[in-house]
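These notebook entries record what I looked up in the structure, topic by topic.

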Amino acid sequence: MMSEFLPTDALSESQKILGRLKEAMGRRIKGKEDVIDQALICLAADGHVLIEDLPGVGKTTLAYCLAKAMRADFKRIQFTSDLLPTDVTGVSIYDERDRSFHFKRGPIFSNVVLADEINRATPKTQSCLLEVMDHGKVSVDGDTHAVGTPFMVIATQNPVDYEGTFPLPESQMDRFLMRLQMGYPAPESELEILNDGQPSYDELEVTDVVDPEEILSIQKTVRQVFLEPSVLEYVLKLVTATRTESEFKAGVSVRGSIALKAASQARALFHGRDFVVPDDVAAVALPVMGHRLNLRRPSSDAMEERRMVEGILSRLLSAVVQPR
Amino acid sequence: MKSRSRRHSIEDLVTLKWTLGALMGLVCITTLFNIHGHNQLPAVVATLAVSIGIVRPAWVAKVPQWIWKFYALAIIPLVLVNVMSKDTIPALLDLNTWLILFRSLNHTKRREEMQLALLCLFLIIMTGILTATLVFGFQLLAFAAIAIAYLLVSTAIESKIEGDYELLERIREKNPMRVGKAFLSLVDTRFAFLGISMFSTLVFIAAMVFIAIPRIDVEDKVSLFKMKSTRSLTGFSDRVQLGEVTSIKNDESIALRVDVPENATVPITPYWRMLALDDYDGGAFSLSPGLVDLQGSPLASPYHSIRYWPDRRFSQTPSNEFRDRWTFFLEPEVSRYLPVLGPFRHMTVSKLSDLSIGPHMHYFALDDINSKMISYQIEGVDLSGKVPDVPAAAYAMMLSSTRDGVTRPNRLSYPQTLLNLPREEASADLFRRMAGEIRDGRKLDALSFARLANRFLWERHDYSLQVQLPPVAGMKDPVARWLESDLPGHCEFFATSFVLLARAAGFPARLVVGFKGGEWNAYENYFMVKNSDAHAWAEIYDGAGSWLRVDPTPGSIGPGTNQATQLVSERVGASDSSAFLDSLRLLWYRRIVNYDEATQREAAIQLKDFFLAYISVAEQWAVSMGEYLYEFVTAPWNIWRFSYFSFLLAILVVAFMIQRNMALNFRELILAPFRRGDPIRRKAGKVLSRISERPSGEAANVFEDLQRLRFGAKESWPNPRLVFKAARRLR
């Protein structure tokens, strides 16, 4: 329970900021409001996003828009099979002048990091993200370096191509707050996109609308959003349901339940409420829990497996009774 | 509305409903055991089957469908045979039993539930009319409770499945039937509270109706419901073979309860006289044929009693006079002959037409042996042990009218039978010889002879229940053989010997059967007379219009002496647990069965008086409070009074504000302890659940406020009362 009382102006301020962000991103990304909403919820909940879909549906554009709109430090890392951990975290370089090693920061030292095609890198490189995604810190050569605040990793991956890819291990998956899907745009939205032409990423006309400090204040506000005991119980019941479901290899981790709570709080704030309603939990349950679960009998087709997991999750969602 | 209780799964509820239905059937079937004289086989079979079904529901599920179909078909011939061979009522009861057995193990659909409830109700009404025992009262109570629970669970299932009967069917098919778990899940405040309140309301209404409605004698109105009794004790009939009364002594069950008046004086060992017998032959006393014929004659009805006893009254209501009233509760199937203490002034029975009197032998008999407990009341009891003789003038007319056209060769008729000796000469001679020994040439009156004869018998014989008579050449009569020996004997030997000795001496005498003594119940102050108190004694005619009681059994008081008596308040008696249970039964009889209109009126008047007294007390209090207030207000004001009043006003205002802000009505306040969680959150949730879609415009704000009340932090709550008010306007 939140003991601190959430002031009304903080609430309306947060909502205004998120509204501005949404409006700015919406100008560029047509007909994908729900995805934008979820990405913003992730941002507010101080979580990382994994965008998973076919190539060319706007994954990278979404990440670019988000980063650019925040007026934050933005880096893009293109993951390939020969990418090394030091390419991401940075490396200590010997400086001949003072005969000592100096840490040269890698692209991870930034506010928003776009890890493009993350599954194309080797597990070794993938794993270098574990610590930084959890604690916002990088340890190299025994020294720990803090990355920027706010810090958000936006990873993309293509689930269909298996050729030359390394599927993300579960521990890595667990560190993403949500997994989003872009999906094809609606025909009228696509027509608009076609009319606009295709500017390069750097030409994206997303004006800086938000300061990083504002994002930090939103993230602080989210943690103060109130959860009534019965709603918290509902969160717990949903998580427990995945753990007892026989078709899953394993249930959602404790990190997962914390994530579900945080995402629900962020969604409540996003909708201008300083308290969570059960609908918030239900709405974020699928994207928050979907990528944390694996079937006991894996399917050969990744998309197929994802659909099945989501089917079971929807069934659990309707089976667990919402508090009223 | 969907049921919100999550603790009860449909599986549990279905299990529970099934078990409750079977229990309901079981309770109904067990009421059949209260009916005496009814074939208990169907009830025993059904009880066993349903009990097994309740303990092992899985076994019931394993019974293949064709067996049930066969069973349903088999009922038809079974019932047909029943109807042919029996009366309608027993056949109907049996049919009902078989149907309940079937239905209580197979009730899944809604119409089947209804059938079960109706069948049970029918059976319980039938048995209720046929019997009115204490056990039945408890069974009825249990039935009401189970039926309420059954209907409650049934309703809960209905509301839970919301018309999805296919789902219900699927659940039924693979229901594991865990009865214990299902029952545990019922231990829920909402369910229990609802059930208990419904049950207590029902009991309360029933009690009110019971006090309020006029009493009707069901037996009178519904002549259909009469069961013929099959069992009776031969020891108390109009022919008593030697040893038959003694055989009753093995039965330890209670035969008679006698409620005595308060502050009365009661004999320590009373004689409960049932019947006197005159005719003797070969060890058996019986009513002489003329007297038996009289039983069926209209002259034996109590309406003609004035002919013999001008000072006695028989009626269906108690007399208006203030005298001691002894109320008798006779258990079913003891005897047709009603035990009485002796002569009395007034007898109250529930139905005069069922009673026939025998003035000569001073008995009062029912037309049929009673199949359920009956009660009667006697006033102005005479405890002297003397029974008046019917004036000789009445003999001739009555007896000649019953003897027309019937020739009974070699038999004497009443009153000559009062001097009957064994027809066997040797035995008769023995009695004459013994009587002569007792008289010893003196000329004695009846009382003196009785004393001497008693002493004679006591000196020769001891008391024992076990008698082995030796064969005596030339004598078959058992009494004569016993008298000649010096063997011990039981009361019947002493009594019959005395009667025959008296007759041999020329005194008319007769054998009397009934009960002697009885245990005193200290809880409710009444006599508990058991079958083992059965006794036989004698009466001898004193030549002056009275029959004197003579008890020749050793240990009894001598003839003509007054019995030892004691005040009711001084009596001590049984106060153990069985006596307590028995006193409950008497309470039941007193209050329920024998509840006549006078006592009912009394109860109603008492109730009214109580309320009136209460009102008058309240009125006085109100008046005095008013006066006090007036004085207080009119008294001069000073600073203390002023500050006192302002303080009082402030408290009132604060209380009012708190009440307003709590936004709870009284219902919510009362029900709050029975509900989980914050009452305002609950109420908001309830209101929210009625709004299916998020409304737009002005209503959206209300919706948001409701959501905040339900899920928001308490510090951020708007005024709940206003929100609920707005929400009400919304609908």
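**Entry 1. Strand E12 of chain B.** I began at B:Trp326 and found that its bridge partner in E12(B) is B:Ile378. The model I was reading is a predicted one. I then looked at the strands themselves: strand E8 (residues 325-330) and strand E12 (residues 374-379) of chain B pair in the antiparallel sense, over six bridges. I next asked which residue of E12(B) is the bridge partner of B:Met347. I found that this partner is B:Ile378. Strand E9 (residues 346-349) of chain B is joined to E12(B) by four bridges, and the two run antiparallel. I noted as background that strands of a sheet pair through backbone hydrogen bonds, either parallel or antiparallel.

**Entry 2. Chain B as a whole.** I counted 25 helices and 19 strands in chain B. The chain has 731 residues, and buried residues make up 35% of them. I also checked how far apart in sequence its contacts reach. Among contacts in chain B with a separation of 6 or more, 79% are between residues 24 or more positions apart.

**Entry 3. The largest nonpolar core.** I looked up the largest nonpolar core and found 98 residues in it. The members that touch the most other members are B:Phe498, B:Leu501, B:Ala502, B:Leu511, B:Ala538 and B:Ile540. Helix H18 (residues 491-504) of chain B gives the largest share of this core, ten residues. I then asked why the core lies between domain 2 and domain 3 of chain B. It does so because both domain 2 (234-392 + 575-593) and domain 3 (416-514 + 536-559) give residues to it.

Another core, of 91 residues, lies apart from the largest one, and its members include A:Ile108, A:Ile118, A:Phe275 and A:Val284.

**Entry 4. A sheet in chain A.** I traced an open sheet of five strands in chain A, in the order E2-E5-E8-E1-E9, with parallel pairing. Strand E2 (74-78) and strand E9 (178-180) stand at its edges with a single partner strand each, so one side of each has no neighbour in the sheet. I read an average twist of 20° from one strand to the next. Within this chain, strand E1 (residues 49-52) pairs with strand E8 (residues 152-157) in the parallel sense over four bridges. A:Val49 stands opposite A:Ile154 in E8(A).

**Entry 5. A:Ala44.** I located A:Ala44 in helix H2 (residues 33-44) of chain A. Is A:Ala44 buried or exposed? I recorded it as buried, because A:Ala44 has 26 C-beta neighbours inside 10 Å, and 20 or more are needed for that label. Not counting residues up to four places away in sequence, A:Ala44 touches A:Leu18, A:Ile218, A:Gln219, A:Val222, A:Ala266, A:Leu269 and A:Phe270. I also noted A:Ser14, which is 30 residues from A:Ala44 in sequence and 9.2 Å from it in space, C-alpha to C-alpha.

**Entry 6. Where the chains meet.** I found 13 residues of chain B in contact with twelve residues of chain A. On the chain B side, the elements that give two or more residues are helix H23 (679-690) and helix H24 (698-711). I sorted the residues of that side into three nonpolar, six polar and four charged.

Methods: Residues are numbered from 1 along each chain as its sequence is written. Chains are lettered from A and ligands numbered from 1 in the order in which they are written. This is a predicted model: local features need pLDDT of at least 70, side-chain atom pairs count only at pLDDT 80 or more; totals for chains, interfaces and linings use all residues. A nonpolar core is a set of buried Ala, Val, Leu, Ile, Met, Phe, Trp, Tyr and Cys residues joined through C-beta atoms within 7 Å. A residue is buried if 20 or more other C-beta atoms lie within 10 Å of its own, exposed if 12 or fewer, and partly exposed in between; C-beta atoms are placed from the backbone. Domain bounds come from an automatic or database domain assignment. Two residues are in contact if their C-beta atoms, placed from the backbone, lie within 7 Å. Two strands pair if DSSP finds at least two bridges between them. Ala, Val, Leu, Ile, Met, Phe, Trp, Tyr, Cys and Pro count as nonpolar, Asp, Glu, Lys and Arg as charged, and the others, Gly among them, as polar. Axes are lines fitted to C-alpha atoms, for helices over the stretch in contact, and angles run from 0 to 180 degrees between N-to-C directions.
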